[in-house]
Amino acid sequence: MIRHTPSGRHHLGLTLACLTTVQWGVQVVLLKILLGSLDMYTIAWARFLTSTVILLPFVLRRQGLQSLLRLRGWPLVLLLICIGASLTNFLTFMAALEYISPGTAQVLMQLAPMLMLLGSMLLFGESFNRLQWMGVIVLVSGLVLFFSPRLDEFLGDLESFLGIILILFCALTWAVYLLAQKQLLTALSPETILFAIYFTGAIIFFPVSRPADYAALDGPHWIILICSCMITLASFFSYAHAVSHAEASRVGVIFSLSPLVTFLMAWLFSIMMSGSIEPEQLTLVSIAGALMVVAGSALGA
């Protein structure tokens, strides 16, 4: 099987990675707000349907449907892995947001880039040096520091503990998706891969969604829902092209900044839409831990 190799346009790849990081940081806050009005299946269906409709013309113009139908062997297996891991990631992340804050979720999700880095080392032969191993140690130490002031709360509260477990599983499925998609780029375009994921998701989640609930949304929540749908497509599109032009292990350094974006956006939305979301209540120890997590993820990348 031919391994995927980046195009070498590193500046473009890292620029797209920055755009992806901002979008992911904002998306978490938007989803947390929406979960106060809609269930996770209804939100997911809206995101998948919107992305499917927008992507369809591009896929048809580039004959992406024919390439999907011609898939055989390992490329087909990789596509099924992408679909399964991505849809699982969507659901587990939103389920976790029912129990924990966006900032906490994003800090824990920094395990995903580390898992992706380890996978890149094993599957794509990318290097993993002492500095990167030091990043792993710093990240784990940062996680311990971040949760230490509220350890009794997380361990004593069943819902918070469940949210943490869901995010850990979410990080694993995210890493699996990223690695499978990176290799699948040798057979399919990013647009075709995303179309297959979103089209499948729109079909699967429609029976359990409740479209009638959209009517109860007010103006600001409609805007947030539309923005969330647009970011769903734009962020994954920019990510797919980022790893097309730069190594997965290098792009990870940019993704490590997403928790800081989430903390900032949660604070801004708590001011703009009072009562819709609570800003993260962080102690100095937790702040130091969060910064260590970001630094560790950056060192690893």
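**Helix packing and a cavity**

Contact here means heavy atoms within 4.5 Å.

A word on the source. This is a predicted model, where local features need pLDDT of at least 70, side-chain atom pairs count only at pLDDT 80 or more, and totals for chains, interfaces and linings use all residues. Numbering runs from 1 along each chain as its sequence is written, and side-chain values use heavy atoms, leaving out hydrogens and water.

Now the geometry. Helix α9 covers residues 158-184, helix α10 covers residues 190-205, and they pack at about 135° with axes 10 Å apart. Helices are DSSP runs (H or I, at least four residues), numbered from the N terminus. Axes are lines fitted to C-alpha atoms, for helices over the stretch in contact, and angles run from 0 to 180 degrees between N-to-C directions. That angle makes α9 oblique to α10. Under 35 degrees is roughly parallel, over 145 roughly antiparallel, 65 to 115 roughly perpendicular, and the rest oblique.

Next, α2 and α10. Their axes come within 8 Å and cross at roughly 140°. So α2 is oblique to α10. Residues in contact include W45, F48 and L49 in α2, and F195, Y198 and F199 in α10. By class, this contact has 14 nonpolar, four polar and one charged.

On the α2 side, M40 and R47 are among the contact residues; on the α4 side, F90 and M94 are among them.

A cavity is a set of points on a 1 Å grid, over the protein atoms alone, where a 1.4 Å probe fits but cannot get out; lining residues have an atom within 4 Å of a point. The largest cavity holds about 340 Å³, a volume being the space filled by probe spheres set on the points. It has 22 lining residues, and W24, N89, F93, M109 and W174 are the closest to its centre. The lining has 15 nonpolar, six polar and one charged residues.

Terms used. Helices (H or I, at least four residues) and strands (E, at least two) are DSSP runs, numbered from the N terminus. On a 1 Å grid over the protein atoms alone, a cavity is a set of points where a 1.4 Å probe fits but cannot get out, and a pocket is an open set with protein on both sides within 12 Å along at least five of seven lines; lining residues have an atom within 4 Å of a point. Ala, Val, Leu, Ile, Met, Phe, Trp, Tyr, Cys and Pro count as nonpolar, Asp, Glu, Lys and Arg as charged, and the others, Gly among them, as polar.
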